[in-house]
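Biologist: Before I plan anything around this model, I would like to go through it with you. Please put the structure up and we will start from a single residue.

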Amino acid sequence: MSKATIDKSLMDVYRSNPDEGFKQIVVTYQERIYWQIRRYTKNHDDTEDVMQNVFIKVWAGLKNFREDSSLYTWLFRIAYNETHTFLKSASKRVNFEQDPPLFEKGIVVEGKEYSGDEIEKILKDALDTLPEKQRLVFELRYFEEIKFTEISDMTGTSVGALKASYHLAAKKIEEIIKQY
């Protein structure tokens, strides 16, 4: 089933039964939205807080969704804005709580063993060096496997500019990883 067909089906359910339609939208997209937010927040609790705000805004705005873009593109924009609002306010507070590492197993590269924590730190350090736009494009394309045309719809940036940003980000990440 295509994304457009899924979105149409979800919106049809929403129009006939808003509560059920909203529940189905949440079930369909909550995991993708969670991981989109999670890459920017420091722990699960913060991610859950932002997600709650996102879906409150989705509920409030769903009746006005014009369907000019895909449902995920619309959700992405809301999640992106809510995440950045949260990060601005969170930067004013100190938070020491961290989740367990994402990488539990280590790897061996050219005879050197890297623990899961080291892998995570190297990747985080590399991503942190990127300008925000490059990081966003890289994460959406590499981790989410979203097509450049869809990223273009989400960000309002041309496909050519996105491809250039992705290429530059990949090169920077590669160079940083080589330094370890």
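Modeller: Thr47 is buried, with a relative accessible area of 0%; buried means under 20% relative accessible area, exposed over 50%, and partly exposed in between, with a 1.4 Å probe and protein chains only. This is a predicted model, in which local features need pLDDT of at least 70 and side-chain atom pairs count only at pLDDT 80 or more, while totals for chains, interfaces and linings use all residues. Residues are numbered from 1 along each chain as its sequence is written, and side-chain values use heavy atoms, with hydrogens and water left out.

Biologist: Which residues is Thr47 in contact with, leaving aside its neighbours within four places in sequence?

Modeller: Thr47 has its place in helix α3; helices (H or I, at least four residues) and strands (E, at least two) are DSSP runs, numbered from the N terminus. Its C-alpha atom is separated by 8.5 Å from that of Trp35, 12 residues apart along the chain. Contact means heavy atoms within 4.5 Å, and with those sequence neighbours set aside the residues in contact with Thr47 are Tyr34, Ile37, Arg38 and Thr41.

Biologist: Which residues does Leu71 touch, not counting residues up to four places away in sequence?

Modeller: Leu71 is one of the core members that touch the most others. Beyond its sequence neighbours, it touches Asp7, Leu10, Met11, Ile25, Tyr29, Leu62 and Phe65.

Biologist: What is the angle between the planes of Phe76 and Tyr80?

Modeller: Rings of Phe, Tyr and Trp (its six-membered ring) pair if their centres lie within 6.5 Å; planes under 30 degrees apart count as stacked, over 60 as edge-to-face and the rest as tilted. Phe76 and Tyr80 are both in helix α4, four residues apart, about one turn of the helix. An α-helix has 3.6 residues a turn, so residues three or four places apart point the same way. The pair is stacked, at 5.9 Å centre to centre and with planes at 20°.

Biologist: Is Phe76 buried or exposed?

Modeller: Phe76 has a relative accessibility of 2%. Because the limit for buried is under 20%, Phe76 counts as buried.

Biologist: The charged end of Arg141 sits over the ring of which residue?

Modeller: A charge sits over a ring if NZ of Lys or CZ of Arg is within 6 Å of the ring centre and within 35 degrees of the ring normal. Arg32 meets this over the ring of Tyr72, 3.7 Å from its centre. The charged end of Arg141 lies 5.1 Å from the centre of the ring it sits over, that of Phe148.

Biologist: Which elements do the buried residues of α7 pack against?

Modeller: In α7, the buried residues are Phe148, Glu150, Ile151, Ser152 and Met154. Phe148 also belongs to a cluster linked by ring pairs, together with Phe138, Tyr142, Phe143 and Tyr166. The buried residues of α7 pack against α1, α4, α6 and α8 (159-179).

Biologist: Is Glu145 buried or exposed?

Modeller: Glu145 lies in the loop between α6 and α7. Phi of this residue is near 55°, a positive value in a residue other than glycine. Its relative accessibility is 64%, so Glu145 counts as exposed.

Technical notes: A nonpolar core is a set of buried Ala, Val, Leu, Ile, Met, Phe, Trp, Tyr and Cys residues joined through side-chain atoms within 4.5 Å.
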